[in-house]
Amino acid sequence: MAISLHSIPSLSPSFRGFNLNHPSIPCFSISPNPPRIPCFSCRPATIFPRAASSGSASLVSTSDSLTSSLEKVEVYDLNGNAVPLSDLWRDRKAVVAFARHFGCVLCRKRADLLASEKQTMDAAGVALVLIGPGSVDQARKFVEQTKFKGEVYADPKYSSYNALSFVSGVLSTFTPSAGLKIIQLYMEGYRQDWDLSFEKETRTKGGWRQGGILVAGPGINNISYLHKDKEAGDDPDIKDIMEACCL
């Protein structure tokens, strides 16, 4: 269903409540100046079939061009050191989550969901990694605010997102299901960081780009699960991720 930007109500960072005697329930809308960009996560583009004998995710067929593109990508750790993206799973297996941006309320929920399985990942020798399209300073603020226990890297050039051809656009961002999920998360106590959300680089680039999740390694060509967010507020099944990484 096509969504007109003129039909979307205005989004305020203060999240004024619905006028339904429930002032604590946030609403989201887009005010014309400045544009407010909420952050959403999304549904798997593809859940790859599980092997019938073992129940684990089957291998994803990766092209030489994709592998070559990923090998050229660098991300940055919290100390500002450049790290080749493929090094994150070259010598180990890793679950790598790609956030829409570091201020994203739905991405923070997804980070918590993955972190809730970290003990199982640790027992299986699997690293938990989160990458965000923003600066190293933004990545540090994300860690300070969320206490995320996995590794966090910044991708200020959006190189990994481009290499993986993640979806980008207004129509994949503003959806009814995304709005409902934001309301639900605010009721659960999650909050968007509006300072991070409206920094220039986030607003002009990362604000409209969806993320994803991959499970890869050991070995740079060994990608066993790849989820590309198709629309806002639609997460993959955590069971599929755990089967791909830890079974």
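Pro218 touches Trp89, Arg90, Asp91, Arg92 and Lys93 when residues up to four places away in sequence are left out, a contact meaning heavy atoms within 4.5 Å. The C-alpha atoms of Pro218 and Arg90 are separated by 5.2 Å, although the two residues lie 128 residues apart along the chain. Pro218 belongs to the loop between β8 (212–216) and β9 (223–228), and a cis peptide bond, with omega about -10 degrees, joins Gly217 to Pro218. Helices (H or I, at least four residues) and strands (E, at least two) are DSSP runs, numbered from the N terminus.

The model described here is predicted, with local features requiring pLDDT of at least 70 and side-chain atom pairs counted only at pLDDT 80 or more, while totals for chains, interfaces and linings use all residues. Residues are numbered from 1 along each chain as its sequence is written, and side-chain values use heavy atoms, with hydrogens and water left out.

On the scale of the chain, there are 10 helices and 9 strands. Of its 247 residues, 52% count as buried, that is, under 20% relative accessible area, with exposed meaning over 50% and partly exposed in between (1.4 Å probe, protein chains only). Among contacts with a separation of 6 or more, 74% are between residues 24 or more positions apart.

Strand β6 (residues 126–132) and strand β7 (residues 151–154) run parallel and are joined by 4 bridges; strands pair if DSSP finds at least two bridges between them. Within this pairing, Leu130 stands opposite Val152. Together with helix α5 (residues 136–146), the two strands make a right-handed β-α-β unit; right-handed means that, with the strands pointing away from the viewer, the path from the first strand over the helix to the second runs clockwise.

In α5, the buried residues are Val136, Gln138, Ala139 and Phe142. These residues lie on the same side of α5 because they cover an arc of only 160 degrees around the axis, the arc being that of the directions from the helix axis to the C-beta atoms. Lys147, with a positive phi near 60 degrees, follows α5.

Two further loop residues have positive phi without being glycine. Tyr158, in the loop between β7 and α6 (159–163), has a phi of about 60 degrees and counts as buried at 5% relative accessibility. Ser165, in the loop between α6 and α7 (176–188), has a phi near 55 degrees and counts as exposed at 52% relative accessibility.
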